[in-house]
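Please open the model in a viewer and keep the selection panel at hand.

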Amino acid sequence: AGEPNDYGFMGVHAFKARNDAENLVRECDPDSRFAVGSVFLWGDIVEHEKGYRAQYARIRSIETLTYAVSGWRRLLFGDELARLRRRYAVGEAEAS
């Protein structure tokens, strides 16, 4: 992943607000699938206005799986979301 202080986009990116993450995904690829959840970050961490860039990360939870096609979004539930959670051995985040 590289060091977060390197130039460019190296490292793991985590956003403070869900909308910021979704907007970046749509800017990069409007016909994309993306998961939203939470992560544990460690190593060298740099805080930015909208989030963080870290040297290392581990998935903590996966809340939703979304498929965006030309500006339309469709939340995917059931089997696909369950398979993704099993693959990374995570569930939904517990309410705090």
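This is a predicted model: local features need pLDDT of at least 70, side-chain atom pairs count only at pLDDT 80 or more; totals for chains, interfaces and linings use all residues.

## A patch on the surface

Select Phe40, Trp42 and Tyr56: together these residues make a nonpolar surface patch of about 320 Å². Is phenylalanine 40 buried, partly exposed or exposed? Its relative accessibility is 38%, so phenylalanine 40 counts as partly exposed, the limits of that class being 20% and 50%.

## The whole chain

Now zoom out and colour by secondary structure. The chain holds two helices and four strands, and from the N terminus on their order is β-α-β-β-β-α. Of the 96 residues in the chain, 25% are buried. The accessible surface of the chain is about 6,900 Å², and carbon and sulfur atoms contribute 51% of that area. Among contacts with a separation of 6 or more, 58% join residues 24 or more positions apart.

Next, colour by pLDDT. The chain has a mean of 78, and 71% of its residues reach 70 or more. Where is confidence lowest, and where is it highest? The lowest mean, 59, is found in strand 4 (residues 72–76), and the highest, 88, in strand 2.

## The nonpolar core

Select Ile62, Leu65, Leu81, Leu84 and Val90, the five residues of the largest nonpolar core. Two elements give two or more residues each to this core: strand 3 (51–69) and helix 2 (79–87). In soluble globular proteins, nonpolar side chains tend to be buried together.

Centre the view on leucine 84. Once neighbours within four places in sequence are set aside, leucine 84 is in contact with Ala35, Ile62 and Leu65.

Move on to valine 90, which is located in the segment after helix 2. Valine 90 has a relative accessible area of 13% and is therefore buried, the cut-off being under 20%. Which residues does valine 90 touch, not counting those up to four places away in sequence? They are Ile59, Arg60, Ser61, Ile62 and Arg85.

Most residues other than glycine have a negative phi. Alanine 89, however, has a positive phi of about 55° although it is not a glycine. Alanine 89 counts as exposed because its relative accessibility is 67%, whereas valine 90 is buried.

## The salt bridge

How many salt bridges does a search of the whole structure find? It finds one. To display it, select glutamate 47 and lysine 16, whose closest N and O atoms are 2.7 Å apart. Glutamate 47 is in strand 2, while lysine 16 is in the loop between strand 1 (12–15) and helix 1 (18–28); the pair thus links distant parts of the chain, 31 residues apart. Side chains of opposite charge can pair when their charged atoms come close.

Finally, compare the accessibility of the two partners. Glutamate 47 counts as exposed because its relative accessibility is 52%, the threshold being over 50%. Lysine 16, at 44% relative accessibility, counts as partly exposed.

Terms used: Residues are numbered from 1 along each chain as its sequence is written. Side-chain values use heavy atoms; hydrogens and water are left out. A nonpolar core is a set of buried Ala, Val, Leu, Ile, Met, Phe, Trp, Tyr and Cys residues joined through side-chain atoms within 4.5 Å. Buried means under 20% relative accessible area, exposed over 50%, partly exposed in between (1.4 Å probe, protein chains only). Contact means heavy atoms within 4.5 Å. Patches are made of residues with over 30% relative accessible area and no salt bridge: like charges are joined within 9 Å, nonpolar side chains (Val, Leu, Ile, Met, Phe, Trp, Tyr) within 5 Å. Accessible areas come from the Shrake-Rupley method with a 1.4 Å probe; for residues, only the protein chains shown count as cover. A salt bridge is a side-chain nitrogen of Lys or Arg within 4 Å of a carboxyl oxygen of Asp or Glu. pLDDT is the predictor's confidence in each residue, from 0 to 100.
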